[in-house]
Amino acid sequence: MQLIASTDATVEFLLLGFSELLCLRVLLFLIFLIVHLVTLAGNVMIFVAVVMEPSRPPMVFFLCQLSVIELCYILVVVPKALLSLIVVEGSTISFIGCAAQMHLFVALGGAECFLLVAMSYDRYVAICQPLRYAAVMSEGLCLRLAAACCLGGFAVSLGLTVAVFRLPFCQSRRINHFFCDVPAVLHLACTQSYTPELPLLAACVLLLLLPFLLILTSYVCIAAALLPVTSSAGRGKALSTCLSHLAITLLHYGCATFMYVRPKSSYSPARDKMVSLVYTSVTPLLYPLIYSLRNKEIRGVLMKMLRRRTIAQPVSYT
């Protein structure tokens, strides 16, 4: 079997996308386009509303960063996904382009995992140490946490991407996916051992397991702090501030765990593409809905922006 040298930057991969659904590609293209335009509009609106707000509570600041991450997801994945629906035989992507797409996708996902930890810490301080909340969750700490989330995701992603693209690839360059996802590219590697999966396992531990344990620890502490509260109204009010974060965490970690925490032998292109479709299209669409409907701070920021726009509109006299 012929191999492709891992250092051959002139190699091109072929993203098959949804080539098996030729009769539905126009419908899928329109659905993809509409979903991502709505997602783009929702996240841009939240980002602009938060930027225009002079005083930003920590949770609003973190949700703004989450919106930026979702906007970057769209720019990284969607153009090639839409192109694979237009071109019948699939769209090509260079070796460097595929590596860059994988690196950015994993880096954004890792930054989101770490950001969810920062948001859970914010909820822990707000509920367990309410008198010290303003002092602890200062603007400086929020900025440092945001930077650490991005740098952590970037570093882990860089190590994983380098490890994957150092592998020898088989002559077949057909990636049965709509973007360069890690399992789909690993499936092309001409190796029979489980050694190539070790970098992915290490990345899963750093980006999924450890952040999830930290989030779980935060909520265990929150639950312990709420146990002595006898008022059901007080307990309900405290828990309601966590619902949007919990919903986003379950969506993110549920899809990511299903996609990446499993051996290469269980790889199924059709199933993986459907899960990735949910992960890259449906969940980013739900995020603005979840934290705009469930988070009163974001609702307040959006209402202020809408009021400013209404006041700024000139009044026409007939």
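At roughly what angle do the axes of helix 3 and helix 9 cross? In this predicted model, the answer is roughly 145°. Helix 3 covers residues 95-128 and helix 9 covers residues 243-260. Their axes come within 11 Å. The crossing is left-handed.

Look next at the residues that make this contact. Helix 3 supplies Phe105, Gly109, Glu112, Cys113, Leu116, Met119 and Ser120. From helix 9 come His245, Ile248, Thr249, His252, Tyr253 and Tyr260. By class, the contact holds 7 nonpolar residues, 5 polar and 1 charged.

Three of them form an open sheet in the order 3-2-5, and the pairing is mixed. Strand 3 (91-94) and strand 5 (174-175) are the edges, each pairing on one side only. Strand 2 spans residues 12-15 and pairs with strand 3 in the antiparallel sense, over 4 bridges. Helix 2, residues 58-86, lies across strand 2 and strand 3. It runs at about 145° to strand 3.

An unreviewed UniProt entry places the feature "transmembrane region" at residues 26-52, 59-82, 102-121, 141-165, 200-227, 239-262 and 274-293. Two of these ranges can be checked against the model. Residues 141-165 are 100% helix and 0% strand. Their end C-alpha atoms lie 36 Å apart. Residues 239-262 are 83% helix and 0% strand. Here the end C-alpha atoms are 33 Å apart.

How values were computed: Residues are numbered from 1 along each chain as its sequence is written. This is a predicted model: local features need pLDDT of at least 70, side-chain atom pairs count only at pLDDT 80 or more; totals for chains, interfaces and linings use all residues. Side-chain values use heavy atoms; hydrogens and water are left out. Two strands pair if DSSP finds at least two bridges between them. Helices (H or I, at least four residues) and strands (E, at least two) are DSSP runs, numbered from the N terminus. Contact means heavy atoms within 4.5 Å. Axes are lines fitted to C-alpha atoms, for helices over the stretch in contact, and angles run from 0 to 180 degrees between N-to-C directions. UniProt positions are given in the numbering used here, feature names are shortened, and annotations may be inferred rather than shown by experiment. A crossing is left-handed if the near helix is turned anticlockwise from the far one by less than a right angle, and right-handed if clockwise. Ala, Val, Leu, Ile, Met, Phe, Trp, Tyr, Cys and Pro count as nonpolar, Asp, Glu, Lys and Arg as charged, and the others, Gly among them, as polar.
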